[in-house]
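Hi,

Here is the structure I said I would pass on. Have a look at it first, and my notes follow below.

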Amino acid sequence: MRCENSPVYLMFFCYGVLSFATYFPKGQTDLWQWLIFLMANFLLYGVYFALVPGSGHLGKLPAMLLNFYIILLIARQIYRMYFYMQTYHGQSALPATAAISAAVIITGLNLFRQENRRLAKIMFLFTALLLALAFFLNREKADGINVYNIVRYTGRSVYLNVFDFAVPMLISAEYTGKGEKAENLAFAAAVFGFFAVVSVFAFCCVGGNILYSLSPLQMLFQLSATSLIKNYDAIYNLFLFFAFFAALTALVNGLKKVKEDFTHFGNNDLLAVIPLVFAVPYLPDIFWPAAEAVCVLLLVAGRRYEKS
C-alpha cells in the first residue's frame, strides 16, 4: 500500500478491531453466520470503495451532513467502549471512558499530519500485540474438529451494523490517482479476511455444541483465562484502549478534512457528541447501514472532483 496512505489504513484497521471486539450479538451465533456476515461486509465495502475514487471538495450541504455523520460515529464509538467496559467492569466505566474520549478528541484536533503518522504506528503496534496475545494464549486449545461439531443456528443474530469505517476512511485518505481503488479493495480484503481467520480460530478453540452471544474476538479474550491467571481480560482492555484511541483519532482526522469544506460552528459542534452518546442505544439496527449508504452516495454526488 502506498506510504502516503499507510497511517490511515493502520488506524482504520485498529478501528475495525475495536468494532469487532466490542460488538455484542443479540442472540447466539455460529461460525458460519460470522463468515457469511464478513463476506457480505467485504462485498458491500468493495462496492463503496469502487464508487468513490478521485479527490475533490465537497459542496456545503454534503459537507454539513457528513460532518454530522462523523460526529455521530464518534458518539457511537464512545458508547460502544462505555458499554463494553460497563459490562465487564461495572460503574467505573463511565468516568474513565469519558475522560479518555475527551483527551483523545482534544489531542486529535491539535495534531499535525506528521504526528498522526507516528501515532498510527504506535497504536497499530499495541493493537497487533493484543491480537498476537489472543492467538498465543489460546494456541493449544485450537482443534479443527471443533468446527464440525458446532450446531448450526438458524436465526439471525449478526446484523450489518458492526463496522462503519467506510465513509471516514474514504474521507481521510489522500487520493492522487487511480491506484486507490485497488488499495482500498486490498485493505478491505485484508481486514475482513483477517477477521474471518480470527473467527475460524475462535470456534476451533471451543468444543461441544456451544453457541455464543459474543464476537469471535471477544470469545478469545474470555478463553484466555488459565488456572494461574483469571483476569486476562484486564490485559486485553489495556490494549483495547489503544484501538479506541486509534478509532477516535481516525474519526477526528476525517472530521478535520470535512471541516475544510464546512467551516461553520468551528469545533463547537463536537459538543453534540454528549447528547448523541445517550441517543445511540435507541437508534434501530437498520439506521447504521442505511446512514452509511446515504453518506457514500453523498461522497459520490456531492464532490467537485479535481483532475489528477
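The backbone oxygen of P168 sits 2.8 Å from a polar atom of the S172 side chain. Keep in mind that this is a predicted model. S172 belongs to helix 7, which covers residues 166–172. The S172 side chain also reaches the backbone nitrogen of G254, at 3.5 Å.

Is S172 buried or exposed? It counts as buried, because its relative accessibility is 11% and the cut-off for buried is under 20%. Leaving aside residues up to four places away in sequence, S172 touches V8, F12, A250, N253, G254 and K257.

Next, helix 2. It runs over residues 31–51, and its 21 residues should span 30 Å at 1.5 Å a residue; the end C-alpha atoms are 31 Å apart, which agrees. At the start of helix 2, a side-chain oxygen of D30 comes to within 3.3 Å of the backbone nitrogen of W32. Buried residues in helix 2 include W34, F37, L38, N41 and Y45. As a reminder, an α-helix has 3.6 residues a turn, so residues three or four places apart point the same way.

Last, a bit of surface. L61, M64 and L65 make a nonpolar patch of about 260 Å². L65 lies in helix 3, residues 60–89, and is partly exposed, with a relative accessible area of 37%.

Cheers

Technical notes:
Residues are numbered from 1 along each chain as its sequence is written. This is a predicted model: local features need pLDDT of at least 70, side-chain atom pairs count only at pLDDT 80 or more; totals for chains, interfaces and linings use all residues. Side-chain values use heavy atoms; hydrogens and water are left out. Patches are made of residues with over 30% relative accessible area and no salt bridge: like charges are joined within 9 Å, nonpolar side chains (Val, Leu, Ile, Met, Phe, Trp, Tyr) within 5 Å. Accessible areas come from the Shrake-Rupley method with a 1.4 Å probe; for residues, only the protein chains shown count as cover. A salt bridge is a side-chain nitrogen of Lys or Arg within 4 Å of a carboxyl oxygen of Asp or Glu. Helices (H or I, at least four residues) and strands (E, at least two) are DSSP runs, numbered from the N terminus. Buried means under 20% relative accessible area, exposed over 50%, partly exposed in between (1.4 Å probe, protein chains only). A polar contact is a pair of N or O atoms within 3.5 Å; within protein, one must be able to donate a hydrogen and the other to accept it, and residues adjacent in sequence count only if both atoms are side-chain atoms. Contact means heavy atoms within 4.5 Å. The expected span of a helix is 1.5 Å times one less than its number of residues.
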